[in-house]
Amino acid sequence: MYTYSDFDEAFVRERCKQFRAQVARRIDGSLTEDEFKPLRLMNGVYLQLHAYMLRIAIPYGTLRSDQMRQLGMIADRFDKGYGHFTTRQNIQFNWPKLKDIPDILDALADVQMHAIQTSGNTIRNTTVDHFAGAATDEIADPRPTAELIRQWSTDHPEFQFMPRKFKIAVGASTHDRAALKVHDLAVELVEQDGQQGYRILVGGGLGRTPMIGQVITDFIPKADLLPYLEAVVSTWNIIGRRDNKYKARIKITVFENGIEKMRELVNEEFAKIRAKFSGYDQKVLADLERQFAPPAFKNTDPSSLEAAVAVDPALARWVNRNTNAHKVENHLSVVISLKEHGKTPGDATGEQMRLMADLADQYGYGELRISHEQNVILPHVAKGDIPALFTALAKAGLATANAGLTSDIIACPGMDYCALATARSIPVAEQIALRVKELDLEDEIGLMKIKISGCINACGHHHVGHIGILGLDRAGVENYQITLGGDATETAAIGERTGPGFAYDEVVPAVERLLKTYLEKRNSTDETFLAAYRRLGAEPFKEALYGDAAKKNAA
Amino acid sequence: MARKFTPKVLTANDLMEGDVIYLAADGSWVRDHAQAEFIEDETIAEMRMLVAQGQPEIAVGPYLADAKMGENGPEPTHFREAFRTRGPSNYFHGKQAETASQ
Ligand code: HEM
Ligand code: SF4
């Protein structure tokens, strides 16, 4: 795995020192809040509803066990004993005290982590398929590319004050597990005539004006990646709208200019700057590819797993739900669900973080991932180790067998934490999960993506949920709008609004009616909710939500 | 035409802790909404904002929030402000826990 270069190390240490001095000057009164705010945001420090919040980057969602352990230490020593993993492969701590934050940043630097560019109008953490390096359907591990992008984008002098933030995701598989099409820019590793290169998409995004990214180039050679990205970001940096915050994202630039015009402008810029890139980046990339080489896989006998599964239905169910096929025959990738029914999606306690770190050392070659669906992944586990891993996870409440099911909900922090929120998300997610558990319908329903945001910014990805829920403020009361048919994968789609929103205590019953309608109307158990919705259209679901009123409204 | 002024309390976050604070009638900052000054006059509200803005070493992001008079003192009228008096709903953290331990 990637370890910091001397340059990285010195850079991060210097930033920690600077920020410690800035905090001291804020506390002694020599900096005003107006002066301090941009400085704290540059270091991932927000002020939320009830406390400060620190957002820490987990580049391409990859963590070493010692890093996970350190996050657990931070949760216990400086926070209230837990942390919140997010859809952009970050972790957020919700309760740090201002005076402690420099110590937290030092503790992060000790394990080669930081909070730089986790806020502000910069290029944010580059996210990646959480099964990278393990997936059977990938061309190559996308993480060296992501690390190259991280090195290029971190502290890039031209890209510190852009029109808005800029989010990049990298994928390399036929099945998109990184929500590529709803990112400002997506880099997809592809092969053409036996040569590896990249397909680039731009202009996707959620928030106020959700859009699906469009292909700006079908293929560029690997050596052109950084100059091409530089050309895209520069073009947008120049023509992107700074007059209106809501029209500043690249999706609006692409929409207003059209993809052809955008392509033309990018190509012009590319032609101008290509020569600036000496090819050194390709040496770096080659080196990174070596650093991300897979671990020396154990050669264990997988038959013990089959035997254990045959006699233990709980294990069988969990293996069936929470593991994914691996490149290497006798291994699997494991999803550790942070979605125990009734708990906050994405939260892990310090103790759980330490346990996951230990289990990663014991059974997972010391490596963990954070998924954009707010779960933790052990990418490489030998089949023979799965029963022991399961037993250890189950003891800590970490073996919920619900990956991809109804209760595997993405929920943003909403009004329980977030200062921008218009309603709560977390309790809605908790209650839906508890309800489907009570009904015992999850296995029956199968693949289901419910996503919840507490405001129009769409951090919870509600637009791309099969069922999306958006919390709003209607005349001082929480109200929840439902969208259907969204999809964050390679067949990405923005969900359609069904009609008027639901009151806080009506939303769980409304979701229940949707689920039951699906079970009634699907043509087989193989037809997922999304497929059924695409076949049947919105009407039967609207009727389930609104009864006869739906028909009247339609008339 | 200017809208009719509705009663307010002045609130902010504490610089060091980050938690929710309110300005009391004696000019001190308190943690409890019910002890906040109940401001019924627009001119006074504006003056209190100036007071709060003049104390950046204590109060971050001061603003006036709608309130009504209850039995024990001012109460929030909007759910957002009600949540701010309590803390999050997923854990017994924040103000709800602090008041319980007093
Ligand atoms: C509680 C602190 C948070 C704040 C203040 C915050 C702020 C924002 C804002 C202002 C936007 C709007 C961006 C826009 O208009 O384009 C946004 C979008 C977003 N945030 Fe957050 N966010 C928070 C937490 C989170 C969390 C916890 C997640 C992940 C679970 C997240 C992931 C996202 C995503 C995926 C988007 C949509 C980006 C897009 O437009 O493509 N945020 N956030
Ligand atoms: S969607 Fe809105 S409420 Fe939820 S975290 Fe993002 S900004 Fe906050």
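The shell around ligand 1 has 9 nonpolar, 9 polar and 6 charged residues. Here Ala, Val, Leu, Ile, Met, Phe, Trp, Tyr, Cys and Pro count as nonpolar, Asp, Glu, Lys and Arg as charged, and the others, Gly among them, as polar. This is a predicted model, where local features need pLDDT of at least 70, side-chain atom pairs count only at pLDDT 80 or more, and totals for chains, interfaces and linings use all residues. Residues are numbered from 1 along each chain as written, chains are lettered from A and ligands numbered from 1 in the order written, and side-chain values use heavy atoms, without hydrogens and water.

**Ligand 1**

In total, 24 residues surround the ligand (a heavy atom within 4 Å). A:Thr87, A:Lys167, A:Arg249, A:Asn457 and A:Cys459 are the closest. Polar contacts (N or O pairs within 3.5 Å) include these:

| Residue | Atom in the residue | Distance to a ligand 1 oxygen atom |
|---|---|---|
| A:Arg249 | polar side-chain atom | 2.3 Å |
| A:Leu206 | backbone N or O atom | 3.1 Å |
| A:Arg164 | polar side-chain atom | 3.2 Å |

**Aromatic rings**

The whole structure holds 16 aromatic pairs (Phe, Tyr or six-membered Trp ring centres within 6.5 Å). A:Trp95 and A:Tyr417 have ring centres 6.2 Å apart and planes at 80°, so they pair edge-to-face (over 60 degrees). These two residues lie 322 residues apart in the chain.

A:Arg424 lies over the face of A:Tyr504, 4.4 Å from the ring centre. Elsewhere, ring pairs join A:Tyr518, A:Phe529, A:Tyr533 and A:Phe541 into a cluster.

Technical notes
Polar contact = N/O pair within 3.5 Å; in protein donor to acceptor, adjacent residues only side chain to side chain. Phe/Tyr/Trp six-rings, centres within 6.5 Å; stacked < 30°, edge-to-face > 60°. Helix = DSSP H or I, 4+ residues; strand = E, 2+ residues; numbered from the N terminus. Lys NZ or Arg CZ within 6 Å of the ring centre and 35° of its normal.
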